[in-house]
Structures are given as C-alpha cells and as structure tokens.
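Hi everyone, thanks for making time this morning. Please have a look at the sequence and the model on the screen, and I will talk you through them.

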Amino acid sequence: TLQTTGDRASCLSDGSRGAGIMPTLAWDTLAPGESVAQFATRRRDVPPLGSLGVAVFSHDDNALQPRDLVELCGSEGTGKSEVLHEAVAGCVTPTAFGGAGAEAVVLDLDRKFSLIRLVRLIEERVQRAGDVEAEVMQCLGRVEVAAVESSYQLGATLLCLAETLTQRPAVQLVAVDSIGAHYWIDRSASGSEHGQVSASRQLICHGMRELLRKQPVTVLVAKPSLTGTATSKRRGHDRNASPNEYMPQDWVGLVTRRFVLLSDEYAQSRNRGEDGLSHKLFQRVHPPLHPAVWTPFVISDGGSE
C-alpha cells in the first residue's frame with residue numbers, strides 16, 4: 001500500500017490499480033471538457049529542481065531536469081540512500097529556505113528509508129523558521145512513502161504513478177531505493193539468471209518509460225553493485241562492471257545521468273573517524289566528464305558537503 005506522511009490516500013501497488021481509484025488521463029491527452037489553453041497550462045514546462053542542496057549534484061547544474069532518470073551507483077555504505085534522503089528533503093523544503101517547495105514520492109524497496117533522518121535533514125534546512133516544528137510537519141505532508149514488496153510490484157507502481165500523477169502536478173521527484181533490492185529473490189525464484197528476472201526487469205523498464213513519457217518528474221534511483229570482486233565491492237564500485245550490470249539494455253537507454261559513489265578509504269583512515277564525518281567520493285560517468293575526476297564529499301549529521 002502506498003503509505004503517506006500526510007492525510008492523502010493514494011493508489012495501491014499490488015500489481016493492479018487500487019479499488020475505487022478511477023483511471024486518469026495521460027499527460028499528453030486532452031481531458032473531456034478541457035480547453036486547449038487549459039491543456040497547454042497543464043503541460044507547461046516544469047523548472048528543474050537544481051542541486052537541492054545535495055553535494056553530489058552541486059557541480060552539475062543540469063543534474064535534476066524534468067523527465068530525467070538519474071542513477072546513483074555504488075555498493076553498500078557509499079552514500080546512495082543518504083543522497084536520496086537529502087534530495088527528498090530539498091524537494092519538499094519551501095523555496096524560502098532554499099528548497100523546491102514541491103512534493104516527492106519515495107518507493108522504498110529496501111525498507112530502510114528513515115523518516116527520522118528525513119526530519120533531521122529538513123530541520124537543518126528550516127532553522128530560520130519561526131516555528132521549526134510546524135514547518136517540518138508541513139514539509140512532511142509533501143512526502144509519500146511506498147513500501148514496494150517485489151520487482152513486479154515496482155513495475156506496476158511506476159505504471160500507476162504514470163497515470164495518477166497527472167492529477168498531482170506538485171509532485172516533481174520520485175525516488176527509488178533501491179532498484180536491485182529484489183534481484184536475488186527473483187533469480188532464486190526463477191532458478192536461473194533469466195526467466196522471471198528478465199520479465200520483472202522489463203516490466204520495470206516499461207513502467208519507468210511510461211512515467212517519464214507522461215509526467216514531467218525527475219526520477220532518482222539508487223542502484224547497488226551486485227557483482228564484482230570483493231575489493232571492488234568494499235571500495236564501492238567495480239570499475240570494469242557493465243553500466244547495465246543486472247538491468248536490461250533498455251534501462252541504459254533511459255538513464256540520462258549516472259553518478260558513481262565510492263567510500264574514501266584514504267580520508268577515512270587518515271581521520272580515523274575522529275572528525276565524526278563519513279568521507280565519500282563521487283564521479284559523473286554518464287555523460288562522461290573530461291577529464292574524469294573523483295570529487296570528495298563528506299556526510300555529517302546535517303547533510304553532505
């Protein structure tokens with residue numbers, strides 16, 4: 001069920017549309033009784049989200065454009081979920097405090113999206129508010145979190161959002177954590193690398209394609225590294241890994257920007273954790289930068305910098 005931190009109810013992600021939810025018109029369809037002027041207004045260009053105060057996007061002005069699929073690659077502990085939390089916080093924070101003042105939908109496949117962490121990040125951004133607690137609650141009302149139980153459910157949820165978000169133009173960010181959460185379950189159930197795994201991944205690609213085609217949202221996806229050597233996994237990325245790795249080639253064509261995140265082992269060992277910061281590195285690998293460089297950033301209690 002699509003859970004929400006506000007009072008709104010939303011569609012179910014049970015592999016079909018929820019009972020009682022009327023199908024909505026596609027983004028590119030003229031509604032009955034709708035004038036051409038109204039249709040043009042509904043299809044208006046949505047401004048980019050900007051960096052949202054996230055260190056990984058601070059050097060890339062075009063990182064979060066409408067209808068972009070932005071992929072964050074890396075193994076566990078490289079900061080992918082933290083970046084998603086910060087992006088959601090920046091999205092729902094009012095423009096007066098440097099945010100986008102928009103709404104966000106989080107598809108939580110790993111069951112580790114933390115509202116406590118989100119609240120802390122929002123608090124950091126709205127410190128100048130007269131009533132911080134009231135401001136934080138208003139921000140939380142602009143976030144919806146869905147617990148997604150399977151790859152097929154993810155594909156169905158994306159298709160559902162492609163239709164229902166037509167009635168919710170305030171939603172500008174969809175965050176997915178993480179796209180590989182159910183890979184090994186799918187593979188175990190199918191008994192091979194193909195079959196169910198391939199079918200479920202194709203459904204995800206189809207759902208994502210429809211969402212990006214019909215809605216002017218930015219989609220931010222955490223994609224964990226599931227293959228590679230023990231050393232590359234410990235560092236956070238296999239530099240020889242295929243860009244699609246366990247996703248179909250269709251997925252690669254949908255991704256507009258890909259960032260790789262690593263743990264900065266040298267900086268971490270040098271500081272021995274005494275500074276209380278988590279040291280990371282990132283690089284935009286698609287489209288590639290010339291020259292290709294790894295940029296350091298740190299994660300603290302208040303966010304990344």
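A word on the ground rules. This is a predicted model, so local features need pLDDT of at least 70 and side-chain atom pairs count only at pLDDT 80 or more, while totals for chains, interfaces and linings use all residues. Residues are numbered from 1 along each chain as its sequence is written, and side-chain values use heavy atoms, with hydrogens and water left out.

Let's start with the chain. There are 10 helices and 10 strands. Of the 305 residues, 52% count as buried. Buried means under 20% relative accessible area, exposed means over 50%, and partly exposed is in between, using a 1.4 Å probe and protein chains only. Among contacts between residues at least 6 apart in sequence, 69% join residues at least 24 apart; a contact here means heavy atoms within 4.5 Å.

How many of the residues of α2 are buried? The count is 13 of the 13, so α2 is largely enclosed by the rest of the structure. Its 13 residues should span 18 Å at 1.5 Å a residue, and the end C-alpha atoms are 19 Å apart, which agrees. That expected span is 1.5 Å times one less than the number of residues.

By a nonpolar core I mean a set of buried Ala, Val, Leu, Ile, Met, Phe, Trp, Tyr and Cys residues joined through side-chain atoms within 4.5 Å. The largest one has 41 residues, and F57, V88, I122 and F259 have the most contacts inside it. α2 supplies the largest share of this core, 7 residues. A second, separate core has 30 residues, including V148, L158, L165 and L212. Back to F259 for a moment: setting aside neighbours within four places in sequence, F259 is in contact with residues including V56, F57, V70, L72 and F282.

Next, the pocket. Rolling a probe the size of a water molecule over the atoms shows where empty space is left. The search uses a 1 Å grid over the protein atoms alone and a 1.4 Å probe; a pocket is an open set of points with protein on both sides within 12 Å along at least five of seven lines, and lining residues have an atom within 4 Å of a point. The largest pocket has a volume of about 290 Å³, where grid points are joined across faces, edges and corners and the volume is the space filled by probe spheres set on the points. Which residues lie nearest its centre? They are S75, E76, K80, K112 and P224, out of 18 lining residues. Helix α2, residues 80-92, gives the most to this lining, with 3 residues. By class, the lining has 3 nonpolar, 8 polar and 7 charged residues. Here Ala, Val, Leu, Ile, Met, Phe, Trp, Tyr, Cys and Pro count as nonpolar, Asp, Glu, Lys and Arg as charged, and the others, Gly among them, as polar.

Finally, the backbone. A cis peptide bond joins D177 and S178, with omega about -5°, and S178 lies in the loop between β5 and α6. The bond from H286 to P287 is also cis, with omega near -10°; P287 is in the loop between β8 and β9.

R111, in the loop between β3 and α3, has a positive phi of about 55° although it is not a glycine. R111 is exposed, at 54% relative accessible area. R67 has a phi near 65° and is partly exposed at 30%. By contrast, E144 in strand β4 is buried, with a relative accessible area of 0%.

That's my tour, so over to you for questions.

Methods: Helices (H or I, at least four residues) and strands (E, at least two) are DSSP runs, numbered from the N terminus.
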